[in-house]
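Work through the exercises below with the sequence and the structure at hand. Try each task before reading its solution.

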Amino acid sequence: MKFLAASLLASLAFMPLSIHAREVRVYSGRHYNTDRQSYKAFTEQTGIKVRLIEASGISLVERLKREGSNTKADVIILVDAARINNAAKAGLFQPIASSKLKSEVPSRYRDPGNRWFGLTRRVRAIVVNPNVVNPAKVRTYAQLASPDLKGKLCLRNRKNVYNQSLVADQLALRGEASTKAWLKGVTANVAQPYFSGDIGLIRAVAQGKCGVGVVNHYYLARMLSGVNGTKDQQLARQVSIVMPNPAHVNISAAAVSRYAKNKPEAIQLIEFLASPNGSAGLAGPTYEFPLRGVGSSTYLKGMTKFTPDNVTVSQLSAFNPQAIRLMAQAGWK
Ligand SMILES: [Fe+2]
């Protein structure tokens, strides 16, 4: 025993003190437990440990600003195009040169200045209760303003970035006057109080409290898969989904923190997550779409045929303040 302890001490004495495991610290606003599988796969492949801090997107951005150069964050992952671009504009990221990311992330899903790169995609879709509204009457976002839908439309509140980005998308496509008219029609159709989440909204559509609503497609897929329990699964089966064509596509994306202490590891992690396998690995369990293609889940039935419109992520960010202002003016609560 004594001998063992002595030899252990002796071998420790020869170990340089500075050696420590390589690691990368991630601040993530993606609220999906299944992402941990992807981090685990990365660690297995590279030996680099991932330390994860999860928080809502807004608080992550605030935290980064507060921490400044003392931040522990190496990689920042956020959902919503406008949010990630606004964080880039606030100087929280640093540009990264990676030919791998340039070739693997389609240009529409990455920053022209190389400060952030898309990882997964989601479509703002229309959910319908066919007993209340004929799905054929709501094939486009424009039709949500139709007077036929008076008292039948449900919306999530204005604070939600997903709807802000949808309105910014419409501003980029149709300009201010037309978007204002659209918002007037849309808000006039709302009967129920504005919702605070997409899942509550889908439940209300399923129960016929609303005829039609707007949600990210993966919330319906999650309910259909049963991860939220059998009650939500039953409700989800009452609902039809319409993928508007062209569709407003949003992303989750990753960036290297301006003050990253582990920059090479940070770049390596983002390259891993944005690769075809990495993107599919993140998107599969959450029913998002990878950067290319649509995956193969049966719960995405009826959701995979969509053509993204040609609005860029930078446009969504640029139109965000105007979108919020017009939503408020139109009475979008
Ligand atoms: Fe979400």
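This is a predicted model: local features need pLDDT of at least 70, side-chain atom pairs count only at pLDDT 80 or more; totals for chains, interfaces and linings use all residues.

Residues are numbered from 1 along each chain as its sequence is written, and side-chain values use heavy atoms, with hydrogens and water left out.

**Exercise 1. The iron site**

Task: find the protein donors of the iron ion.

Solution. Donors are N, O and S atoms within 2.8 Å of the metal (3.2 Å for Na, K and Ca); water is not among the atoms, so sites may look incomplete. Step one: the OH atoms of Y162, Y218 and Y219 lie 2.1 to 2.2 Å from the iron ion. Step two: along the chain, the spacing of these donors is Y-x55-Y-Y. Step three: check burial, where buried means under 20% relative accessible area, exposed over 50% and partly exposed in between (1.4 Å probe, protein chains only). Y218 has a relative accessible area of 0%, so Y218 is buried. Y219 is buried because its value is 9%.

**Exercise 2. Strand 3 and its partners**

Task: decide whether the residues of strand 3 are buried or exposed, and name the strands paired with it.

Solution. In strand 3 (residues 75–79), 5 of the 5 residues are buried, so the rest of the structure largely encloses it. V75, I77 and V79 point one way, I76 and L78 the other. In a regular strand, side chains alternate between the two faces of the sheet. Two strands pair if DSSP finds at least two bridges between them. Strand 1 (residues 23–28) runs parallel to strand 3, with 3 bridges, and S28 stands opposite I77. Strand 9 (residues 249–257) pairs with strand 3 in the antiparallel sense over 5 bridges; here V75 faces V256.

**Exercise 3. Helix 10**

Task: how many residues of helix 10 are buried?

Solution. Helix 10 (residues 263–274) has 12 residues. Of these, 9 are buried, including I267, L269 and F272.

Methods:
Helices (H or I, at least four residues) and strands (E, at least two) are DSSP runs, numbered from the N terminus. The expected span of a helix is 1.5 Å times one less than its number of residues.
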